[in-house]
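Q: I would like to go through this model with you. Could we begin with the aromatic residues?

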Amino acid sequence: TLPLHDALPILTSMNTAVPEIGIGVDLAFPRFNKNLSVQARVLLSRWSMSDDYIARDSDTKPTSISLKYWDLGFQVGPAYSFLPQSKFSPVLRAGFAMETPLGMKKMNFDYSAFDSEDNPTIQAYGFYVGGGVDIAIQKHILRVTAEYQWTHSPNDEVDFGLFAIKAGFAF
């Protein structure tokens, strides 16, 4: 979801489903605590959203807007594994998140501060929180998680709110 602050009178967000690919690392500290680790991930996704809105009260028909871009994301934070030695281990994770949209293409954002090309690169910072399960498969792990991420750009141009269901394989 991409809310647009004070940009458009009627439109406040656009929703879409997005595929994402990433790579990450888990840093464990077994002598300190077997259950605790630090996770870092770099994520890449391709966003394509569109919606209709009424630009002005005097308009009688909606205007179609669209937004397309690649998103480079970064997450780092602690994870707590409840049963790290078992076949199924519930995991909680939370931490710092950063989003950088790249190659943004906008259509019909004429009435929006978001249409300004003065700052074509937006960076947004915030947090993520989630939980899931690690499933041991021989010497590897299948990780299935659900998470919520919220990031905010310092210039108040845009907020990113994301709910995701993810699956990954750890070597």
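Q: Is F96 buried, partly exposed or exposed?
A: F96 is partly exposed, at a relative accessible area of 35%; buried means under 20%, exposed over 50% and partly exposed in between, with a 1.4 Å probe and protein chains only. The model is predicted, so local features need pLDDT of at least 70 and side-chain atom pairs count only at pLDDT 80 or more, while totals for chains, interfaces and linings use all residues. Residues are numbered from 1 along each chain as its sequence is written, and side-chain values use heavy atoms, with hydrogens and water left out.

Q: And Y125, what is its relative accessible area?
A: Y125 has 33%, so Y125 is partly exposed.

Q: How many aromatic pairs does the structure hold?
A: There are 6 aromatic pairs. Rings of Phe, Tyr and Trp (its six-membered ring) pair if their centres lie within 6.5 Å; planes under 30 degrees apart count as stacked, over 60 as edge-to-face and the rest as tilted. The W47 and Y69 rings are stacked, because their centres are 6.0 Å apart and their planes at 5 degrees.

Q: Are W47 and Y69 buried or exposed?
A: W47 is buried at 8%, and Y69 is buried at 1%.

Q: Changing topic, which residues does A124 contact?
A: Leaving aside neighbours within four places in sequence, A124 is in contact (heavy atoms within 4.5 Å) with A97, M98, E99, T151, H152, S153 and F160.

Q: Which residues form one aromatic cluster?
A: F127, Y148 and W150 form one.
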